[in-house]
Amino acid sequence: MNPVYYLYLAALLFTIGATGVLIRRNAIVVFMCIELMLNACNLAFVVFSRMHGNLDGQIIAFFTMVVAAAEVVVGLAIIVSLFRTRHSASVDDASLMKL
Amino acid sequence: MENLIALLIAAPLLGAAVLLVGGRRLDAVGHWIGTLLSTTSFVFGVILFADLLGRNADDRTLMQHLFTWVPVAGFQADVTFRLDQLSMTFVLLITGVGSLIHLYSVGYMEHDERRRRFFGYLNLFLAAMLLLVLADNYLLLYVGWEGVGLASYLLIGFWQHKPSAATAAKKAFIVNRVGDMGLSIAIMLMFTTFGTFAFGPVLSHATDASEGRLTAIGLMLLLAACGKSAQVPLQSWLGDAMEGPTPVSALIHAATMVTAGVYLIVRSGAVFNAAPDAQLVVTVVGAVTLLFGAIVGCAKDDIKKALAGSTMSQIGYMVLAAGLGPIGYVFAIMHLVTHGFFKAGLFLGAGSVMHGMNDEVDMRRYGGLRKYMPVTFVTFGLGYLAIIGFPGLSGFFSKDKIIEAAFAKGGTEGWILGTCALLGAAITAFYMTRVMLMTFFGEERWRNQPTRSPEAPSAEPAAEHRGEHAEPHPHESPKVMTIPMIALAIGSVFAGGFFSIGDRFLHWLEPITGHSEGDSPLSAGAVTGATMVCLVIGVGIAYLQYGRRPVPAVAPRGSLLTRAARRDLLQDDFNHVVLVRGGEHLTRSLVYVDHTLVDGVVNGTAAGFGGLSGRLRRLQNGYARSYAVSMFGGAALLVAATLLMRAV
Amino acid sequence: MSQQFAAYATSTGEAFQFWVLGTVAVIGALSTVFMKRAVHSALSLAGTMIVLAVFYLANGAYFLGIVQIVVYTGAIMMLFLFVVMLVGVTAADSLKETIKGQRWLALLCGVGFGVLLFAGIANASLKNFDGTGQANANGNVQGLAALIFTKYVFAFEITGALLITAAVGAMVLTHRERTERPKTQREQSEQRVREGKHLPPLPAPGVYARHNAVDIAGLLPDGTPSELTVSKTLRDRGQLRDVSAQALGDLRALEQRSEERLERTPVEPANLKRGEEASK
């Protein structure tokens, strides 16, 4: 088996995650889909690391994880405070950015 | 000695500041402060004059550098004063006549509540006029030029509660602006041509510039002179300027300010000498104005307006002389000085008559006043003899020289100009005799006169205090008014002779203006004879019409020319039709263009963007997911582009 | 781990593992997107992440594989679950689309993007796999550490700052400062009197024998449910159960039964039978 199939898998997972972001209204699920996209990228980086025979790709994946953790913390805090004020976790309800 | 020059200006300027800032507490002494400071300036002038006389003719130019005004590289303007023979003449005329008129005003304005302010303005005028004649560069001259314009505006509109005075002030100011524009353009042209606007470099290098340039500068300077000196076509303001108090008419609108244009032309003589076309235009303007003013003067029944027409005409003589070049410069200035004496004297006499006649100005309500106002009659009479050029008096010498010079121009031009000048002399004799006869001789038409109709010529406002409908009791004016009149009458009688005998004035001024004798086709004696004949004809016609026959109290309808002359030869109508209407049409079409074209483009652009935005706005539905679709679609496009680039 | 794991030609074992676990991962991802309840989505995602952790291990990223399990599945997904609990664990989302054309646009973009990615990967010349054997010679963790503290030391420090900022930000966002003194019970009752509503305590929720009854609205005398009897949070989450229809049916049956006892009107057999059962 050619390890390039891992890349196809990563692309597939990324696309599924992106579509989920566009389709779901629940902010928490949207967030999960974003995590899925990040994980797909991480998989691609790890495979690239194997492809080139050095550890730089893994380092990038590592940093991605750290950033993802920070993003999740802030994002979930935003969702919680949004829910407190609007009693809803739907991204469509926060639609004040229009005229 | 140079340091005194600044004091000449500083004294009246100080007076203006003190009087205008000082407020009511100076009301009691304000007029004496003004007169004192004006006289101080005159004393400084005399001291400087004595100093100049003690020097060689070539060494009579004093310079005082006060400070650097605009210290920009390539654009230097200094506050520097130049006192030479030409400036000196003006300084003496301005401060001398000015001081006399200050003194006269003490009596004339006695009943006016705002006398202090009046003297403040007079002092301001003196300071500005002195700055004008003492400046050593055109930019500083421009400051004085505008300063006298301001003072003129303030003084014409001094009785601002009268709408006619306020309007006249505004008219004078606006017409003067046209001339001022000419002066500023001339200064800019000088700067681009010579790189400086100081008198010394500009005038000594005048011949280096191309003739076209010099003609342009000369014509712009002439435009400025026309505005300030009420020459055709910018003459329309001077008649209305008589709305101001009579001393103002005497000082500003007869003796000094209106002659600033002549000063400008004579001072810029080097430029005009090198631009014959501009000189020709100057002489034409002078000749036309000379006749124009004289004709207007014949038709006016308002004594001050008749004198105003005369002023216009006499300045026309000066401009004509100045346009003749070196032949005429000296005589222009000489006529300017003698005119300053006799015309100021005539105006003061007119003021004295009005003072005694309840501020009546209509000469048809005068008559036989010589018995009641002997001093006024004698001084006015001497002024009259001087202006018509009675042999031996000032006007005879100065005007005769100008007529000679006009013939000396040579060729057809010389004949035409000389004839105009001669004709003007005849008309001058006519209208001045008319004024004299209507005012001081004949029956006493002011007795038993009917109640004044409201639209009759307006009187000065103080009349209301003195009882407008009461029969006037003509009386001589107080000493404070008669003394200046006597002094000016003495000047009117002797100045011309003093200047001319031994060509004193010519030698005095020649180093500055230069002089050349033209080749006159007529001998001096012939010209004088012709002038005398014209004089006798003019006086004779006037005597036949106004001396032998009674003067009707209501003006007869008169010929077409008379009626036109009563309306100032339709100058206001011309301005109204050509300039006002034309301006209105221009403005209206510009407004139309602005509304349709300019606004159309702007509004159309705005409406276009508005419509586009309205459509684009629908994309902004506020849903984060819609925006995410756009981002995702954009990312897909980027990937596609990248792949395509790789494929290519 | 042996060398051949990371070599160019992978073993059959790895191929087998890829196809089995890859299928699981895709199914997990799809159910993350399409499950109605957030809890189910979270659990599916956790499954996908564990599969990915195994793939990391298979690709020679031992450290990352462990971190993926410990940090992602252990910490981050638990955080997700906490928030899901806070927002309402049983609330089911409607998958009906409300924005016109959004679903079609999303599918179009997704498919297009996926096709482009696949085309890009297929187009790239990815034949040469070096394997991580050489890089992992001194141990994977040691290798990573050497890189992090030398080449990537600045990025490392900056991510530290980022984490601290994120922690502070989360606190700021969720913390609510009390800016005024809380009202005492007396003041609250006075305010209620002033406003003139609900002077007595709020009514108690209804009772339904089979459940804890806080999510069931109490019935008004006419049989309609009263909103006031249940907590606002439950109302907002949409977690109320409406039993009013059943209660009304019971009421009607009771009336019929009493009428029947009083022998007023003939009763339909079905209703009678049910009424008898209920009476027993």
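The crossing of α1(A) and α4(C) is right-handed, in a model that is predicted.

Trainee: Why is α1(A) called roughly antiparallel to α4(C)?

Mentor: Helix α1, residues 4-23 of chain A, packs against helix α4, residues 102-123 of chain C, at an angle of about 165 degrees, and their axes are 9 Å apart. Angles over 145 degrees count as roughly antiparallel, and therefore α1(A) is described as roughly antiparallel to α4(C).

Trainee: Which residues make the contact between α1(A) and α4(C)?

Mentor: From α1(A) the contact includes Leu7(A), Phe14(A) and Leu22(A), while α4(C) contributes residues including Arg103(C), Gly110(C) and Phe113(C). By class, this contact of α1(A) with α4(C) has 15 nonpolar, 5 polar and 1 charged residues.

Trainee: Where in chain B does Glu476(B) lie, and why is Glu476(B) called partly exposed?

Mentor: Glu476(B) sits in the loop that runs between α18 (411-440) and α19 (479-500) of chain B. Its relative accessible area is 22%, and since buried means under 20% and exposed means over 50%, Glu476(B) is therefore classed as partly exposed.

Trainee: What does Glu476(B) touch, not counting residues up to four places away in sequence?

Mentor: Among the residues that Glu476(B) touches are Ser352(B), Tyr372(B), Pro374(B) and Thr482(B). The C-alpha atoms of Glu476(B) and Leu369(B) are separated by 9.9 Å, although these residues are 107 residues apart along the chain.

Trainee: How many helices and strands does chain B have?

Mentor: The secondary structure of chain B comes to 24 helices and 2 strands, and of its 648 residues 55% are buried.

How values were computed
Residues numbered from 1 in each chain as written. Chains lettered and ligands numbered in written order. Predicted model: local features only at pLDDT ≥ 70, side-chain atom pairs only at ≥ 80, totals over all residues. Heavy atoms only, no water. Helix = DSSP H or I, 4+ residues; strand = E, 2+ residues; numbered from the N terminus. Buried < 20%, exposed > 50% of the residue type's maximum accessible area, 1.4 Å probe, protein only. Axes fitted to C-alpha atoms, helices over the stretch in contact; angles between N-to-C directions. Parallel < 35°, antiparallel > 145°, perpendicular 65-115°, else oblique. Left-handed = near helix turned anticlockwise from the far one by under 90°. Contact = heavy atoms within 4.5 Å. Nonpolar A, V, L, I, M, F, W, Y, C, P; charged D, E, K, R; others polar.
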